[in-house]
Amino acid sequence: MKLKLQRKIVLPILVLMIVPTILLSVLFFVSMQRLSYENHVEKIEHAFNLIEERTRQIESDFYTKQRLISELTVLDPLEVYAYEGDKLLYSNQANVNLSIDEMKSRYKAPQRYEIRNRTYENLNTGVYIVIDKRAICFDVLELYKPYLILIIISILITLKVILLASDSLSKPVSILLEGYNDIIAGNFKNDIEIKREDELGLLGQAFNEMKAQIAIGSNRFLQMKKFNEDILQSISTGIITTNEVGEIRNCNDFAMQMIERVMCLDKEKPKIIRTLMMQINETIERMDSINRVAYFNEYNTKAAIYLDITTALMKRSSGEFVGVICSFNDITSRKKIEENVERIDRLASLGQLSAALVHEIRNPLSGIKMGAQILNKRLSEHLETSEQDIFEAMIKETDRLDLLMTDLLNFSKPKIPKAQIVDVFEVIDRALLFSEKRIREKMALIHMKDQMRGIQVLFDKGQLIQVFLNIIANALDAIELKGKLEIAVEYFDKEDGQGVLVLFEDNGSGIKKENMNTIFDPFFTTRETGTGLGLSVVHKLIISNKGNIEIDSIEAVGTVVKIYLPMYRSA
């Protein structure tokens, strides 16, 4: 910056001041050289005329030639040659004896030498005088040397003054530039120092004040930016921003965590990425906001996750469209609460209806069974085997219907739970013992993590056994031969409290996505021999004991049943 400014200042001044001085000096020197040359020419012509005049006044040839030579001596230091015919009569150059041709050949360079000659016929003599232009130039230089030295000194002094003046101007500008670079680099600590009392000094003070204001504004901006970034990274809402063509530009930590939570890292274009990008692109096409709820499965635990996804247009203050902002919230808890409330409402209504139906059906059912038994006993001697099998089938079906009515009555009016201190692993062991026959039939591999043996919960012991039996039975029905069932017990800590979590994870057929919302509904079953009351009763027993149940399942992968139980805390 300094060098450029100096060049811009110095060069014009040099052109305006020094160049004219040099030009005038050169013109003066050329003029003096020309004047000296003309003086030499005039002197020679005068000498030629004087010689001609004076030699005519003398009649003797000898004295005439002597007069000629005498007049020629005054022409020193010019080189003079006088020839009588072709013979050299006189020369002021020592030890030189040149013929006319040799002399002309010696001084033939017209740029340097000029030969003036005059022929005197009365003497048969020719005079040649050589003008050395270079010698004239050196003579002029020697004559005007003091003036040339004075001009050079003046030019040098002028140049120095110009450099000092430009440095005095460019140095403050350079200091201001360094201060500007400090501002760009974010360094606001060093003030610039311009120790002057003129406008540049005032400019330096104003620059320092501006720098202080910029520092204050930058600190506020950085604090606000960091505050906004902290808010963006801390909120439990995923934020993704894109440009106007849908290319992702930024996302916060929650968005990354949620995407990693539900995506398979080895899978190209996982479902959550496809869902988000499709909604973003649709927003760009429609140029309007979109709000949808999407369902996903957590990759590691297979847990169901519901995301409320909203995409909206991002615009500048001028209204120019610059991209899309996509925000999504995890509404799994809210969704499950809504489903539980809806399920409880359905179950309450269904329970009232079921209780009334049980009483209405049981009485005629008992009469049908009794009549079938009496007829079978009285007519057994007259019936064929196939006919007797029909009576036995009727009696078995009435027994099955009576069992169904009992389950239905238990569902509609379950036994009031009695809170007891129950050892969880003791109940699990008993449930596995009761299910041992079915386990052997399936050759199932049961793996139980029992590091937490001795853990106790508050629950009705009989109802807890009934819950675990139902869950184990469902798992054994879902797995193939040599399938696997893992059972684990651990503590849990949620916003709504602490307790014990019992997990049953199988690698069976799983549950279809469209059936997940109806698995706790009464009479819903996918098995030909099932009543559809098992999970309904389980859900009702757990809720009545102040617990909770969640089921996550992926078809053809497996199912995870999570049972949250209230933990017993000794006083």
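**Figure 1. Confidence and overall make-up of the predicted model.** The mean pLDDT of this predicted protein model is 79, and 82% of its residues reach 70 or more. Among the elements of the protein, strand E16 (residues 558–565) has the highest mean pLDDT, at 94, while helix H9 (residues 332–378) has the lowest, at 68. Where pLDDT is low, the predicted coordinates should not be read in detail. The protein contains 14 helices and 16 strands, and of its 571 residues, 37% are buried. The accessible surface comes to about 35200 Å², with 55% of that area belonging to carbon and sulfur atoms. Of the contacts in the protein with a separation of 6 or more, 62% are between residues 24 or more positions apart.

**Figure 2. Helix H11 and its buried residues.** In helix H11, which covers residues 424–434, the buried residues are Val424, Phe425, Val427, Ile428, Ala431 and Leu432. Seen down the axis of H11, these buried residues fall within an arc of 160 degrees, so they line one face of the helix. An α-helix has 3.6 residues a turn, so residues three or four places apart point the same way. Leu433 and Phe434, on the other side of H11, are exposed. The N-terminal end of H11 is capped by aspartate 423, which has a side-chain oxygen 3.0 Å from the backbone nitrogen of phenylalanine 425.

**Figure 3. The largest nonpolar core and isoleucine 563.** The largest nonpolar core has 46 residues, of which Phe468, Ile471, Val502, Phe504, Ile549, Ile551 and Ile563 touch the most other members. Helix H13 (residues 461–478) gives this core its largest share, namely eight residues. If residues up to four places away in sequence are not counted, isoleucine 563 touches Val467, Phe468, Ile471, Val500, Leu501, Val502, Phe504, Ile542, Asn548 and Ile549.

Figure 4. Aspartate 552 lies in strand E15, which covers residues 548–554. With a relative accessible area of 1%, aspartate 552 counts as buried, because that term applies to residues under 20%. The side chain of aspartate 552 is joined to the side chain of lysine 562 by a polar contact of 3.3 Å.

Conventions: Residues numbered from 1 in each chain as written. Predicted model: local features only at pLDDT ≥ 70, side-chain atom pairs only at ≥ 80, totals over all residues. Heavy atoms only, no water. Helix = DSSP H or I, 4+ residues; strand = E, 2+ residues; numbered from the N terminus. Buried < 20%, exposed > 50% of the residue type's maximum accessible area, 1.4 Å probe, protein only. Polar contact = N/O pair within 3.5 Å; in protein donor to acceptor, adjacent residues only side chain to side chain. pLDDT = per-residue confidence, 0-100. Contact = heavy atoms within 4.5 Å. Areas by Shrake-Rupley, 256 points an atom, 1.4 Å probe, with all protein chains shown as cover. Arc of directions from axis to C-beta. Core = buried A, V, L, I, M, F, W, Y, C linked by side-chain atoms within 4.5 Å.
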